[in-house]
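Hi,

Here is the structure I said I would pass on. Have a look at it, and then read on for what turned up.

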Amino acid sequence: MGFLDNLLGRKRETSSTIAKERLLTVLVHDRVKLTPDDMEAMRAEIIAVISKYVDIADPEAIDVSLLRGEESDHLKADIPVRRTRH
Amino acid sequence: MARVITITSGKGGVGKTTTTANLGTALAMQGQRVVAVDADIGLRNLDVVMGLENRIVYDLVDVVEGRCRLRQALIKDKRFPELFLLPAAQTRDKDAVSPDDMIELCNNLRREFDFVLVDSPAGIEGGFRNAIAGADEVLIVTTPEVSAVRDADRIVGLVEAFEKGHPRLILNRIRPQMVNRGEMMSKEDVVEILAIDLIGVVPDDEVIVTSTNRGEVAVMQKGSQAGRAYNDIARRLLGEDVPMLVLTEDQTFLEKFFGAIGLRPRRAAR
């Protein structure tokens with residue numbers, strides 16, 4: 001399998017890349033000191049504020065996450081909004 | 001000008017004590033006057049790793065509480081004229097010593113030595129705070145595992161909060177074959193995550209176990225990859241520009257090649 005992936009240029013999900021991704025996620029939460037509960041509460045409030053102004057297409061598709069940056073970490077919110085035609 | 005260097009990690013069992021013993025010995029072998037201080041009060045271990053456990057009379061707490069003079073508590077390593085150990089107390093706990101006590105102790109040791117290496121206990125509580133109190137520099141030891149790297153990240157933050165400058169990283173117990181297979185984080189991965197300078201990478205080496213069994217250290221064993229790595233770190237501490245060891249697998253390409261044509265290169269002969 002690994003050989004075939006390499007041949008086709010596919011990036012294999014090895015345990016070390018999983019380790020690195022898990023670490024980056026846990027560290028950004030450690031550093032920003034945001035618990036999963038706080039994160040969920042914030043997500044709900046962001047949705048409430050945004051939906052006062054625009055129509056959110058699919059509340060399930062909303063992605064709020066913390067990302068690690070060089071100088072500082074980032075809070076990224078990806079919120080799909082519904083197109084409207086007049 | 002003496003340097004006080006604390007070796008710490010956050011997580012236990014990643015090789016702080018082994019690192020302290022090896023760096024202390026390597027520095028002494030290069031003519032530096034070195035004292036290794038065991039700051040893990042109550043869980044004394046640096047003495048057995050250095051093979052000096054039978055010679056302890058007084059310990060660090062005896063010095064701090066004035067039961068003996070500093071020089072009486074220092075154990076001279078007979079194999080290396082420039083190497084000394086200040087052992088931890090075994091029957092007390094971390095509260096027997098305060099950060100101010102440690103600063104005073106380190107300052108007294110500065111007068112006698114070129115290097116004061118302080119072996120920190122695991123954790124982020126009082127014992128760790130004592131261990132870094134007198135430090136000029138901090139070395140953080142980690143292994144390429146998620147738990148150890150997470151704890152190391154916490155320690156980086158604390159060391160910076162205590163204004164001990166930028167700590168440097170020792171990545172311990174790397175297994176090159178696993179890294180090549182993508183089954184272990186590489187030094188590049190760990191350095192990227194922790195964002196601190198790397199001072200050395202130490203391979204996982206059976207010699208650490210066998211030499212510690214005997215109360216010796218890896219830098220005394222010729223042909224040991226871990227010993228070589230610790231020697232290189234000692235030279236980097238002395239300001240030499242030593243290239244990072246390219247870690248070989250159990251067999252290097254050349255060894256495989258020579259093996260295939262029936263020759264045995266010298267490393268395979270040990």
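A quick word on terms before the rest: pLDDT is the predictor's confidence in each residue, from 0 to 100. You'll want that because this is a predicted model. For chain B the mean pLDDT comes out at 92, with 91% of the residues at 70 or more. The complex as a whole gets an ipTM of 0.80 and a pTM of 0.84 from the predictor.

One stretch to treat with care: across residues 264–270 of chain B, pLDDT stays under 50, and the model has nine contacts there beyond four places in sequence.

Now for where the chains meet. Chain A puts 13 residues into the contact and chain B puts in eleven. On chain B's side, the elements giving two or more residues are H7 and helix H9 (187–194). H7(B) gives the most, with five residues. By class, that side of chain B has five nonpolar, one polar and five charged residues.

H7(B) also packs against a helix of chain A. Helix H2 (residues 15–32) of chain A and helix H7 (residues 146–161) of chain B sit with their axes 10 Å apart, at an angle of about 30°. Angles under 35 degrees count as roughly parallel, so that is how H2(A) and H7(B) run relative to each other. Their crossing is right-handed. From H2(A), the contact uses A:Ala19, A:Arg22, A:Leu23, A:Val26, A:Leu27 and A:Asp30, and from H7(B) it uses B:Val146, B:Val149, B:Arg150, B:Asp153 and B:Arg154. Sorted by class, this helix pair's contact has six nonpolar and five charged residues, and no polar ones.

Cheers

Technical notes
Residues numbered from 1 in each chain as written. Chains lettered and ligands numbered in written order. Predicted model: local features only at pLDDT ≥ 70, side-chain atom pairs only at ≥ 80, totals over all residues. Contact = placed C-beta atoms within 7 Å. Axes fitted to C-alpha atoms, helices over the stretch in contact; angles between N-to-C directions. Helix = DSSP H or I, 4+ residues; strand = E, 2+ residues; numbered from the N terminus. Parallel < 35°, antiparallel > 145°, perpendicular 65-115°, else oblique. Left-handed = near helix turned anticlockwise from the far one by under 90°. Nonpolar A, V, L, I, M, F, W, Y, C, P; charged D, E, K, R; others polar.
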